[in-house]
Amino acid sequence: MIATLRKMPIVNASMEGDAIRYHKNINLGIAVALDWGLIVPVIRQAEDKSFLGIARAIVDLAERARAKKLKPEEVASGTFTITNPGIFGEQFGTPVINQPESAILGVGGLFKEPTVVTDENGSDSIAIRSIIRLTLGFDHRIIDGADAGRFMAEVKKYLETWNEDIG
């Protein structure tokens, strides 16, 4: 995700009056469900963290959000948000932008489904694979449908070919 936001900075931008502001850093908002609603704590400068560093930051922020121990500055200045309606068993949801951000990614649940798989010889077969649905809510004043589509295609490609060290 972070790599894709670096490649397509328009998705990490926001509106300021009539102008578009391109953010230097990726401040990743993580939606956390609480008994009374959602709160979105922010992982600052996520572009400088490893996969494991981001995972640890998510766990820390979520635990402190549920314990009501977040500081006010920890829920401000996000530039892009991820929400997970899939935690409730949904395949996908329609996320609403956390303004002034320009986009939000919804992560659906992980489900096993039959899918067509093409082998190295070009032969097709049906196999059971784990599938996740991603949805992107975006501000059309900043991002048009083509940019949103390219962003999602890049996220898909990145996830399907990911082989980075998670440490």
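**View 1. Secondary-structure elements around the largest pocket of the predicted model.** In this predicted model, at least two residues of the lining of the largest pocket are supplied by each of the helices α1 (2-7), α2 (51-66) and α3 (145-161), and likewise by each of the strands β3 (28-30), β4 (32-34), β7 (80-83), β8 (103-118) and β9 (124-138). The element that gives the most to this lining is α2, with six residues.

**View 2. Centre and composition of the largest pocket.** The volume of the largest pocket is about 1200 Å³. Its lining consists of 39 residues, of which M1, F51, I54, I58 and I82 are the closest to the centre of the pocket. Sorted by class, the residues of this lining comprise 28 that are nonpolar, five that are polar and six that are charged.

**View 3. The second largest pocket.** With a volume of about 320 Å³, the second largest pocket is lined by L110, T115, S130, I131, I132, L134, M152, K156, L159 and E160. At least two residues of the lining of this second pocket come from each of β8, β9 and α3, and these three elements each supply at least two residues to the lining of the largest pocket as well. The lining of the second largest pocket has six nonpolar residues, together with two polar and two charged ones.

**View 4. The hairpin of β1 and β2.** Strand β1 (residues 13-16) runs antiparallel to strand β2 (residues 19-22), and the two are joined by four bridges, with A13 having Y22 in β2 as its bridge partner. Two residues lie between the strands of this hairpin, and G17, in the turn, has a positive phi of about 65 degrees.

How values were computed. Residues are numbered from 1 along each chain as its sequence is written. This is a predicted model: local features need pLDDT of at least 70, side-chain atom pairs count only at pLDDT 80 or more; totals for chains, interfaces and linings use all residues. Side-chain values use heavy atoms; hydrogens and water are left out. Two strands pair if DSSP finds at least two bridges between them. On a 1 Å grid over the protein atoms alone, a cavity is a set of points where a 1.4 Å probe fits but cannot get out, and a pocket is an open set with protein on both sides within 12 Å along at least five of seven lines; lining residues have an atom within 4 Å of a point. Grid points are joined across faces, edges and corners, and a volume is the space filled by probe spheres set on the points. Ala, Val, Leu, Ile, Met, Phe, Trp, Tyr, Cys and Pro count as nonpolar, Asp, Glu, Lys and Arg as charged, and the others, Gly among them, as polar.
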